[in-house]
Each structure stands twice: as C-alpha cells, then as structure tokens.
Amino acid sequence: MLNLVLFGPPGAGKGTQSERLIQKYRLVHLSTGDLLRSQIAAGTELGIRAKQLMDQGLLVPDEVVIGMIESKLRENQDASGFIFDGFPRTVPQAAALDELLSQYRTSITLMVALMVDDEELTRRLLIRGQTSGRPDDQNEELIRRRVNEYNEKTTPVADYYAGQQKLATIDGIGDIDTIFDLISQQIEQVTGQTN
C-alpha cells in the first residue's frame, strides 16, 4: 500500500499535485480541508465549530481530525493507498497517524514537502481568494497568520518523517508538470514502483 503525506503551507500547490498523484497511483484522497468543508457545508455541529476556528486562521483540534480520518480508512480498506493532504500538521498528529495506520497493518511510505517562500504563498492565496470565496484567502493578515502558524507548528513534522527516512523536499515554485515529475521520481525511488 502506497501512503503519501503531501505537505506544504497553504497555497503551496498541494491540491493541484494531489489530483495528479491520485490519478497516477490510484490513491484515495484524504484531505482534511475537504472533510472539514463538507462538514461546514452540511451545517453539522463539527462544521460550525471548525468554521469558527478556520475563520480565525486557527487549526481544528486533533481528536476531531483523527476521528474523521479513521472513518475514511475504515470505508476504504481495499484501497491501493492514501494521500494525506493537509495532515498531519503536528508531531502528535503524525504519531497518532502512525498508530492508526499500524492498526490497518500499513504505514506512511513517504512525506513529500512542497517548499514555497512566505511572500509567494501570500501572493498565491490572495489571487486564489478572488475566486475561491473563502474569507481566509482574502485577508492578507489572516493569510500571514496561517502561514506563520504553519511554520511554527508543522515544520517539526518534516523532522519527524526525516527521522524515519521518509522525507522528500520538492521546490514548489515553477512548472506544475516539472514539480509533478520530481514528486513521482521520489515516490518511485522509494517504492521501486513505476506507472
């Protein structure tokens, strides 16, 4: 089973690259952002709570996110693998994910980290905000707070996976196809798998 963590700050291009990886490697997409947004759209109690936090540029509590992920794993036990998009964001989440995956007799294969500088991220998110309708993509102060929170809380996750020899860093600025090819090369180097 191929299990990828696609990592990078808001606006790094995770959504674009995950779509391509899902197609190429037949993975189940597990985006915590999408899971949360579907809860918000449905107006559930979880969705309302999550929206209040997200609108302030804050992260949703671990136990909520891990519970959603577990239900997705249970629903897709015959999958070729998963791509975790936007999760884990903290070392405790990474450890909880390792524990959860071990219950399904699998583990993370590789963490792919898309590297993009803060100014480029801010520029991309403001542009995205013109069409996304998301309030957290339209306010530069909120964007900078999200990026700072990402840098403070999630950078140690890269160290966690580096300690397991499961980290690949990819320059997230440039041609989308080139970035995808670099990611694919890293996956195939680790797995020996070619598609």
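Helices (at least four residues) and strands (at least two) are DSSP runs here, numbered from the N terminus. With that settled, here are a few friendly notes on this predicted model.

1. Let me start with Asp78. It sits in the loop between helix H4 (62-75) and strand S3 (81-85). Is Asp78 buried or exposed? Its relative accessible area is 82%, and exposed means over 50%, so Asp78 counts as exposed.

2. Met1 lies 77 residues away from Asp78 along the chain, yet the C-alpha atoms of the two are separated by 9.6 Å.

3. The relative accessible area of Asn3 is 0%, and the buried class takes in anything under 20%, so Asn3 is buried.

4. What surrounds Asn3, leaving aside its neighbours within four places in sequence? The contacts of Asn3 include Gly81, Phe82 and Phe84, and also Thr106, Ser107, Ile108, Thr109 and Leu110. With Ser107 there is a polar contact too: the side chain of Asn3 reaches the backbone oxygen of Ser107 at 2.9 Å.

5. Now to the helix pairs. Helix H1 (residues 14-25) packs with helix H8 (residues 176-191) at an angle of about 50°, and their axes are 10 Å apart. The H1 and H8 crossing is right-handed.

6. Who makes the H1 and H8 contact? From H1 come Thr16, Gln17, Arg20, Leu21, Lys24 and Tyr25. H8 brings Ile176, Asp177, Ile179, Phe180, Ile183, Ser184, Ile187 and Glu188. By residue type, this contact splits into 7 nonpolar, 3 polar and 4 charged.

7. The other pair to inspect is helix H2 (residues 32-42) with helix H3 (residues 45-55). Their axes come within 7 Å and cross at roughly 115°. The crossing of H2 and H3 is left-handed.

8. Which residues make the contact of H2 with H3? On H2 they are Leu36, Arg37, Gln39 and Ile40, while H3 supplies Leu46, Gly47, Ala50, Lys51 and Met54. In this contact, 5 residues are nonpolar, 2 are polar and 2 are charged.

Conventions. Residues are numbered from 1 along each chain as its sequence is written. This is a predicted model: local features need pLDDT of at least 70, side-chain atom pairs count only at pLDDT 80 or more; totals for chains, interfaces and linings use all residues. Side-chain values use heavy atoms; hydrogens and water are left out. Buried means under 20% relative accessible area, exposed over 50%, partly exposed in between (1.4 Å probe, protein chains only). A polar contact is a pair of N or O atoms within 3.5 Å; within protein, one must be able to donate a hydrogen and the other to accept it, and residues adjacent in sequence count only if both atoms are side-chain atoms. Contact means heavy atoms within 4.5 Å. Axes are lines fitted to C-alpha atoms, for helices over the stretch in contact, and angles run from 0 to 180 degrees between N-to-C directions. A crossing is left-handed if the near helix is turned anticlockwise from the far one by less than a right angle, and right-handed if clockwise. Ala, Val, Leu, Ile, Met, Phe, Trp, Tyr, Cys and Pro count as nonpolar, Asp, Glu, Lys and Arg as charged, and the others, Gly among them, as polar.
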